[in-house]
Amino acid sequence: MDRDDGPDPTTGDLVMALARRVRRAHVEALTAWGVTPSQARALRVLGGADAMRPSALAEALRIAPRSATEVADALEERGWVRREPDPTDRRATRLVPTEEGRRLLAQVDDVRRDASQRVLDVLTPAQRRTLHEILAVVVGEDL
C-alpha cells in the first residue's frame with residue numbers, strides 16, 4: 001500500500017488485506033486441482049463427519065438448503081461424496097465423503113497451508129510466531 005495515496009491503513013484494513021491475499025493464493029492453488037473454494041469448504045465440513053444430512057451441511061456453510069443441494073450434487077458428480085439413506089429416517093439422505101473425496105481433502109488442505117505459508121514467507125520465524133499468537137487471541141473460539 002502506498003502511503004502517499006491517503007491515510008495509513010487501520011489494523012482492520014491490514015487484516016482484511018492479508019485475508020484477501022491468502023484467499024487469492026488459495027484460489028489460485030485450487031484451480032490446478034479443478035476445485036472451487038465452495039467445494040473445498042464443503043469437503044472440509046463433510047470430512048469432519050462420518051456422514052451429514054444436506055440440511056446440516058447448509059447450516060454449517062451458512063447457505064440456503066437449495067444451495068447446499070447444488071454443492072452436494074457437484075461433489076457427488078465428481079465422485080467426492082455419495083448419498084446414502086439415513087438409518088434413522090428412511091425419508092432422508094446423508095452425504096458421505098468417498099475415499100477419493102477424503103484423499104482430495106487432504107491434498108486441498110496441504111495446498112491451502114502451502115498457499116498461506118507462501119504469503120507469510122516475508123515474516124521471520126519470530127514474527128510468524130507473534131502473528132500466530134495475536135491471531136489466536138483475536139479469533140478465539142471461532143475456529
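Colleague: Which residue forms a salt bridge with Asp89?
Modeller: Arg53 does, in this predicted model. The closest N and O atoms are 3.8 Å apart.

Colleague: Is Asp89 buried or exposed?
Modeller: Asp89 is buried, at 19% relative accessible area. The cut-off is under 20%. Arg53 is partly exposed, at 31%.

Colleague: How many salt bridges does the structure hold?
Modeller: Eleven. One of them joins Glu84 and Arg94, at 2.4 Å from N to O. Arg94 is partly exposed, at 22%.

Colleague: Which residues do shared partners join into one network?
Modeller: Arg53, Asp86, Asp89 and Arg91.

Colleague: Switching to H2. Which of its residues are buried?
Modeller: Gln39, Ala40, Ala42, Leu43 and Leu46. They lie on the same side of H2, because they cover an arc of only 165° around the axis.

Colleague: What do they pack against?
Modeller: H1, H3, H4, E1, E2 and H5.

Colleague: And the largest pocket, how much space is in there?
Modeller: About 2200 Å³. Of its 43 lining residues, Leu18, Ala19, Val22, Ser116 and Leu135 are the closest to the centre.

Colleague: Which element gives the most to the lining?
Modeller: H1, with 13 residues.

Colleague: What classes make up that lining?
Modeller: There are 25 nonpolar, six polar and twelve charged residues.

How values were computed. Residues are numbered from 1 along each chain as its sequence is written. This is a predicted model: local features need pLDDT of at least 70, side-chain atom pairs count only at pLDDT 80 or more; totals for chains, interfaces and linings use all residues. Side-chain values use heavy atoms; hydrogens and water are left out. On a 1 Å grid over the protein atoms alone, a cavity is a set of points where a 1.4 Å probe fits but cannot get out, and a pocket is an open set with protein on both sides within 12 Å along at least five of seven lines; lining residues have an atom within 4 Å of a point. Grid points are joined across faces, edges and corners, and a volume is the space filled by probe spheres set on the points. Helices (H or I, at least four residues) and strands (E, at least two) are DSSP runs, numbered from the N terminus. Ala, Val, Leu, Ile, Met, Phe, Trp, Tyr, Cys and Pro count as nonpolar, Asp, Glu, Lys and Arg as charged, and the others, Gly among them, as polar. Buried means under 20% relative accessible area, exposed over 50%, partly exposed in between (1.4 Å probe, protein chains only). The arc is that of the directions from the helix axis to the C-beta atoms. Contact means heavy atoms within 4.5 Å. A salt bridge is a side-chain nitrogen of Lys or Arg within 4 Å of a carboxyl oxygen of Asp or Glu.
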